Amino acid sequence: MVPISRREFVKTTAKGVAIASIPFFFKANPLMALTTPGGDGSLQSYMDHFGVSETMIREIMSAAMDKGGDYCDLFFQHKMSSYVALEDDAVNRAYTNVDFGVGIRVIKGDQTGYSFTEDVTLKSMKTAARTAANIAQGIASGEIAKLGYHPTPNYYQIKTKWEDVTIEQRIPTIQKINKVMHESDKRVIKTNASISDNSAYILIATSDGRLVCDYQPMVRVSGYCTAEQDGKRESNGYDLCGRSGIEFVSSESLDRIGTGAVRRTVNLFDAVKPEAGEMPVVLAAGSSGILLHEAIGHGMEADFNRKNASIFSDKIGKPVAENFVTIIDDGTNQNVRGSINVDDEGMDSQKTYLVKDGILESYLHDRISAKYYGVKPTGSGRRQSFRFAPIPRMRNTYMDNGPHFVEEIISSVKKGIYVEQFTNGQVNIGAGDYTFYVKAGNLIEDGKLTKPIKDINLIGNGPDSLTKVTMVANDMKMAEGGWTCGKSGQGVPVSMGLPTVLVSSITVGGIS
Amino acid sequence: MKTKERLELAHWVVNTAKTAGVAEAAVNIGNSRAVEIEYRDGQLDKVKESTQNSLNIDIYVDNKFSGHSTNDLRRESLSRFVNDAVAMTKYLTEDEFRKLPDPKYYKGIKDIDLDLFDGEYDKIMADQRVKYASDLQKAVSSKSDKIITSTAGYYDNDSESIKVHSNGFEGIRRTTSFSVGVEATVEDKNGGRPSDWNYATTRYLKDMPDSESLAKGVVEKALAKIGQTKIESGTYDMIVFNRAAGKPIYSLYGPMTGRALQQKQSFLDGKIGEKIASDKFTIVDNPFIERGLGSRHYNGEGMVAKKRTLIEKGVLKEFLVDCYYARKLGVEPTGGSTSNLVFEYGDKSLEQMIKNIKKGILVNSFIGGNSNNTTGDFSWGLAGMLIENGKIVKPINEMNISGNLIELWSNLVDVGNDPYEYSSLRRPSLHFKDVQFSGV
């Protein structure tokens, strides 16, 4: 696969992704036996965990800058994932994964040299550093600043780290979802439930002097079922996701997943396809924020813009939407899936305004693009793992509340659709055409929600659709489920949100 | 570590698992070296080089199953890793259907060289790699002054995978692959910046097409998109360009798997022997193509690879059932994954197919969309060209097609003679009638 595609996408976290970690074996694994960072969460505990000292880091950095690089950074990561699943009414499978290594990046101008190693010995790290150093072809000139601890706020406080949660604590959660799904409706013939979680420790050292560490938890709990009625089958699911601990998995939330999965499934029996063509679309509050992710978010990632490849490349400071439209990409929302305490190149996380009162305000920057544009970084440099160099990415992308009311919006539509559940979306950054796939919603007829609809794709043009956001309600909600955004072969967790919004016209895939 | 040491390690892990009390275990050890180059607008943009390892173990203990992976291959770490994995598995519920494949399925591995490893790999120099990317980027950028930006990429890897099962399977597979690709973005005065791309993937570097033939068409296609618009909704003929034809074909893959069938999430359930598509649709799973991107001697479960017809003249012949779901379904396993899929070619060129159309749309790319495995409903976004009276008239985009997969495939009326080579799915351009498009 050649990693140059600009056809970026987002999708709901795949059901049954076969990776996951074991919690309790964390402590038994000698990789981690060094000491668990944590307890106090001090920088020293992370340094001990990865077995490095400031002297070693400086030595590796010297090797990285040896050919004349301007800047370098080291990204240490240790991630444990766990996936436990129920099928045919039994919790009969579990998967775990351990990933450990360090990525070394050297920047020269806007050029990147990158290498990584899974062996965090001084020798291997220096070899990787020399490989990355080759992006520059001169003699050592860049300075390595004095390294100092850079503290960060914590946007995802949790009670218990996932490696301290046993499999016995996980099993009952999915059994409960299964029970709820079966009890909710007799038409349910098959059920699946799963809990996946991970614990990631990262330590970043930058040649401009920052030492930053972070603990990043994540959990996703999901129910999925198939129901049968008059010989017809339908399937659908419900999931909840966040940078949270096991306390997130309450009895109430398990009920919501189970009943939600069944309700969404049996609703499909009555679903119809809307007519094909352009029509007004009301986006329900919540995961409809996928509109923002696709229609504007990717186009605002500054790497595309500095390369002149985005449809938004010449629009900063210009009006792009009605003045009640404000769009934000935010890494600081409490326990939300896309939140980060620090980005993956050591910059502070922040709340970034993409559009403020209808005016295009700021791109999403990494270090390279911030330097290119002469602006402050926005804390948007993210990567899938230590195996990848960071690039500008979204975090949680949402729209601020507007002046309208939900009832007012729905009743304003004579003939259109109301969309509420989505599976995936995609965008062409340059041409601006974006799509997202509607799993469920309703027709709107004479200002009222009527029959359910299912399985239709929506397609539009980003800048055009922004100008067609004609009403925005005051019920902003973040998506509950888990989304993973793909770009240049790297997947990162994101979230999105929206108040109820009317887009006056989008092309709806339907049947004439 | 060398191959021999990795093989020894795999056996050692299997034995460690046995000592820890497992009935059976399957171990895979992977090792891969990769280099990646990006060259943008006349300058080297990115160089990435690395080696990585992975170890995966599936364990079967007291009729219970779990799978675990790690990239720490030190024996002292692995010993604890395996013991903890076994301890954890005991908390799961028994599953009588979980066991390794019956060793009879391992037998009969074909004694042929599939030629998947380029022995010259270690001789490739850093400069040579950069040159592939820079030559291609330059070949593209010289083609039009409307190009805003273009990036070319080069990627190669040398991978080895070792598989050892406690009930007698042992396999070693070493492959190389090379990819070269390019994307160009052009200016559209109406505000958009349309782009197009092309790439090739091969097992041998010397099989890589030259820059000029890769560059050809990329700029042409990007320029052809200038002024793209949607047209009115309606039912039109549709030609899907070979490269884009993966979407409708792969949409049948999920519903053909044992898991989808057993979990009642497949609209193809019960349809073996039935017609699910027009006579023009024949697709074969062929693991034995020399230098094929999906070629193999055995599958992911260690079962011996076989050539098989999945769909023949529109009739569904075989599902993709792995050993676990075969036991659950009470059927013989057929293999849960595919190798090289070859869609039987027709006799017309793309140009001839276009000539046969009065009004229709040539789909050059699908964008987004999805399909429902349980019901077969689909809806996909697309971009392409409007065809009128046998001629390409103008670029279109921002449109969707929607329908049901069985209905779509039943409307396949013609198949091109132009298979797309750079994929494990070799598919020609396809002509469908009566497709529901939504636009204005």
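Reply: In this predicted model, strand 8 (residues 283–285) of chain B and strand 9 (residues 308–312) of chain B run antiparallel and are joined by three bridges. Within this pairing, B:Ile283 stands opposite B:Ile311 of strand 9 of chain B. Both strands belong to an open sheet of five strands in chain B, whose order is 10-9-8-11-16 and whose pairing is mixed. At its edges lie strand 10 (315–316) and strand 16 (425–426) of chain B, each of which pairs on one side only.

Two packed helices are described by the angle between their axes and the distance between the axes. For helix 1 (residues 3–19) and helix 2 (residues 75–89) of chain B, the axes come within 9 Å and cross at roughly 40 degrees. Angles under 35 degrees would count as roughly parallel and those from 65 to 115 as roughly perpendicular; helix 1 and helix 2 of chain B are therefore oblique to each other. The crossing of helix 1 of chain B with helix 2 of chain B is right-handed. On the side of helix 1 of chain B, the residues that take part are B:Trp12, B:Val13, B:Thr16 and B:Ala17. They meet B:Arg75, B:Leu78, B:Ser79, B:Val82 and B:Val86 of helix 2 of chain B. Sorted by class, this contact between the two helices comprises six nonpolar residues, two polar residues and one charged residue.

Taken as a whole, chain B contains 11 helices and 17 strands. Its C-alpha trace spans about 70 × 55 × 40 Å along the principal axes. A compact globule of 440 residues would have a radius of gyration near 22 Å, and the value of 24 Å for chain B agrees with this.

Chain B also touches chain A. The contact draws 79 residues from chain A and 78 residues from chain B. On the side of chain A, strand 3 (residues 90–108) gives the most, with 12 residues. The residues of chain A on that side divide into 33 nonpolar, 31 polar and 15 charged. Strand pairing also links the chains: strand 4 (residues 111–117) of chain A runs parallel to strand 2 (residues 43–61) of chain B, and five bridges join them. One of the residues concerned is A:Ser115, whose bridge partner in strand 2 of chain B is B:Glu49.

The partner chain may be described in like manner. The secondary structure of chain A amounts to 11 helices and 23 strands, and the C-alpha trace of chain A extends over about 70 × 55 × 40 Å along its principal axes. For 512 residues, a compact globule would have a radius of gyration near 24 Å, and chain A, with 24 Å, agrees.

Some strands of chain A can be followed in detail. Strand 10 (residues 327–330) of chain A pairs with strand 11 (residues 351–356) of chain A in the antiparallel sense, over four bridges; there, A:Asp330 has A:Lys351 of strand 11 as its bridge partner. Strand 11 of chain A also pairs in the antiparallel sense with strand 12 (residues 359–360) of chain A, over two bridges. In this second pairing, A:Ile359 of strand 12 is the bridge partner of A:Lys356. Strands 11 and 12 of chain A form a hairpin with two residues between the strands, in which A:Asp357 takes a positive phi near 50 degrees.

Terms used
Residues are numbered from 1 along each chain as its sequence is written. Chains are lettered from A and ligands numbered from 1 in the order in which they are written. This is a predicted model: local features need pLDDT of at least 70, side-chain atom pairs count only at pLDDT 80 or more; totals for chains, interfaces and linings use all residues. Two residues are in contact if their C-beta atoms, placed from the backbone, lie within 7 Å. Ala, Val, Leu, Ile, Met, Phe, Trp, Tyr, Cys and Pro count as nonpolar, Asp, Glu, Lys and Arg as charged, and the others, Gly among them, as polar. Two strands pair if DSSP finds at least two bridges between them. Axes are lines fitted to C-alpha atoms, for helices over the stretch in contact, and angles run from 0 to 180 degrees between N-to-C directions. Angles under 35 degrees count as roughly parallel, over 145 as roughly antiparallel, 65 to 115 as roughly perpendicular and the rest as oblique. A crossing is left-handed if the near helix is turned anticlockwise from the far one by less than a right angle, and right-handed if clockwise. The radius of gyration is taken over C-alpha atoms; the globule rule is 2.2 Å times the number of residues to the power 0.38.
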